[in-house]
Amino acid sequence: MKKFSPRLASATLLALAVGLHTPALHAELVTTPQAAAQASADADRAKVQQFLEQATVKERLQAMGVDGLAAADRVAALDQDEIHALAQRIDTMPAGGAITTTEWILIILVAILVVVAL
């Protein structure tokens, strides 16, 4: 019977150790539109998270019985299309009170009445 040489045994053990501990790697190409879409989704998600952190929004959510953390978790779970639509709605919202044309006309009329009365 032939004896196992120590060199062969150690080389076998080393090969088994390296072969068993090799992590599974995954790589793929990402196109420019995919990378841009991901960056846009990240920016939209940050915009929505920043909107949720505003004090007035937190107060309004609490008044409606929604926890701020639960809302943030739901925003994190939205897909790219949903988060983009929500970010667009935030962009279209008036920031602190937009004055309509009718309100401008009323302000000008009141100003004229005040000037005439003086």
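User: Which residues make up the largest nonpolar core?

Analyst: First, a heads-up: this is a predicted model, where local features need pLDDT of at least 70 and side-chain atom pairs count only at pLDDT 80 or more, while totals for chains, interfaces and linings use all residues. Residues are numbered from 1 along each chain as its sequence is written, and side-chain values use heavy atoms, leaving out hydrogens and water. A nonpolar core is a set of buried (under 20% relative accessible area, 1.4 Å probe, protein chains only) Ala, Val, Leu, Ile, Met, Phe, Trp, Tyr and Cys residues joined through side-chain atoms within 4.5 Å. The largest one has nine residues: V48, L52, V57, L61, A71, V75, I83, A87 and I90.

User: Which helix gives the largest share of this core?

Analyst: Helices here are DSSP runs (H or I, at least four residues) numbered from the N terminus. At least two core residues come from each of α2, α3 (55-63), α4 (68-77) and α5. The largest share, three residues, belongs to α5.

User: How are α2 and α4 oriented to each other?

Analyst: Axes are lines fitted to C-alpha atoms over the stretch in contact, with angles from 0 to 180 degrees between N-to-C directions. The α2 and α4 axes come within 10 Å and cross at roughly 170°. Angles over 145 degrees count as roughly antiparallel, so α2 and α4 are roughly antiparallel.

User: Which residues does L52 touch, leaving aside neighbours within four places in sequence?

Analyst: Contact means heavy atoms within 4.5 Å. L52 is one of the α2 residues that meet α4. Leaving aside those sequence neighbours, L52 is in contact with V57, K58, L61, A71, A72 and V75.

Conventions: Buried means under 20% relative accessible area, exposed over 50%, partly exposed in between (1.4 Å probe, protein chains only). Angles under 35 degrees count as roughly parallel, over 145 as roughly antiparallel, 65 to 115 as roughly perpendicular and the rest as oblique.
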